[in-house]
Amino acid sequence: MKKINLITGVLLFALAVRTVSADVVETASGAKIVGKVIQIDGSAVILDTDYAGMVKVKQADVTAITTDAPSNIRLASGTVLKGTLTSQGEGVVTIVGTDGSIQTNINNVITIWASDAKDPEVVALQRAWGYDAAVDISGKSGNTKQFGTGFSFRATLIGPTDKLQFYTAYDHQVTEDEASADQFKAGIDFQNNFSNRASWYLRDEAGFDRIKLIDFSNVAAAGLGYDFVKKPKQTFTGRLGLAHRFESYRADPLTFLTKEDVNSAGLDVGLFHSLELKSFSIVNRISYVPAFKDFSDFHAFHESYIQLPLLSPVWKLRMGLTNDYSSNPPVGKKGMDTTYYTRLVLNWK
């Protein structure tokens, strides 16, 4: 009996210590939220609770905060202190540190982050690389034989106002022992936002398409962009600029005819949309490059895909399609190539 009482006492003591040491956030409506204050970001207070997981409270609704462990605290003046917060009532808090304590209004506390973490403002100014690699292999046998491979790779360096991308993609399909797709491209794209929504960009893309008899193609472009939608989970950007388009053609092995090369300035028009939801994400890209020499001679490209997370956060499944259109293809060749794919994607930073 004494042993049971002892165990019960220890559990009650541990629970009491946990309750006493918890952070407490009070709101104007009278709610009292007990948990661990993870961050204050200037607009919301984020707590980790045992009963509801991560809870986000509007900072404007918060009337009192009490923390038990030292954190980095930034005030509206820019001063950063290390200490704990103790509520004094009526919107007043005391910051208690190793060198003493000061009182201030709770509205002056604009940011809190863990004592061993980096300053969020410093992190926000740092550029960071992100990578994704995708690959698929498909095949078919029986009445018809088909084998295909495709891959893509993209490296993205994102800063507070700019984005640099390197990308490449290859698609190869063999149907009935004859190549039905053999296309490669690689490019670089740089965008700098000189205002909240407006930007300028530079891009260059080169490659080949052996089915359309293109030995080498290159589009170099520069212009302006505008973010019609710019949210943390959704962006929709339009671009308009000037381009130089070059395409050199090889002779058709059957007819020995060669299409005239394209070497002309032109327009560069682009639309880019991305939407990240809880369980999947959607990406759409469209580009249109007509030549000034002949506006009826243009190249257009479209890609849309949906991406689903797998068990591991770095692995995803991508299902999509691409449409690659040349308005003036060589004689005997179709202008539109459509590719449907399902690819395994690896994301890492």
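How many aromatic pairs does the count come to? In this predicted model, the count comes to 14 aromatic pairs. Among them, Phe292 and Phe295 form a pair that is tilted, with 5.8 Å from centre to centre and 45° between the planes. A pair of aromatic rings is described by the distance of the centres and the angle of the planes. Elsewhere, Trp129, Tyr131, Phe153, Phe166 and Trp348 form one aromatic cluster.

With regard to the overall architecture, the protein chain contains 22 strands and 2 helices. The radius of gyration of the protein chain is 29 Å, whereas a compact globule of 349 residues would have a value near 20 Å. The C-alpha trace spans about 95 × 55 × 35 Å along its principal axes. Of the 349 residues in the protein chain, 38% are buried, and among the contacts with a separation of 6 or more, 46% are accounted for by residues 24 or more positions apart.

The accessible surface of the protein chain amounts to about 20400 Å², and carbon and sulfur atoms contribute 61% of this area. As for charge, the protein chain carries 36 positive and 37 negative side chains, the centres of the two sets lying 5 Å apart.

Asp23 is placed in strand β1 and counts as buried, because its relative accessibility of 1% is under the 20% limit. Leaving aside neighbours within four places in sequence, Asp23 is in contact with Ile33, Val34, Gly35, Lys36 and Val37, and also with Thr66, Thr67 and Asp68. Asp23 and Thr84, which are 61 residues apart in sequence, have C-alpha atoms 10.0 Å apart in space.

Gly30, in turn, is located in the loop between β1 (23–27) and β2 (32–40). Gly30 counts as exposed, because its relative accessibility of 62% is over the 50% limit. Between Gly30 and Thr63 there is a separation of 33 residues in sequence, and the distance from C-alpha to C-alpha is 9.0 Å.

Terms used. Residues numbered from 1 in each chain as written. Predicted model: local features only at pLDDT ≥ 70, side-chain atom pairs only at ≥ 80, totals over all residues. Heavy atoms only, no water. Helix = DSSP H or I, 4+ residues; strand = E, 2+ residues; numbered from the N terminus. Rg over C-alpha atoms; globule rule 2.2 N^0.38 Å. Buried < 20%, exposed > 50% of the residue type's maximum accessible area, 1.4 Å probe, protein only. Contact = heavy atoms within 4.5 Å. Areas by Shrake-Rupley, 256 points an atom, 1.4 Å probe, with all protein chains shown as cover. Lys, Arg positive; Asp, Glu negative; His and termini not counted. Charge placed at Lys NZ, Arg CZ, Asp CG, Glu CD. Phe/Tyr/Trp six-rings, centres within 6.5 Å; stacked < 30°, edge-to-face > 60°.
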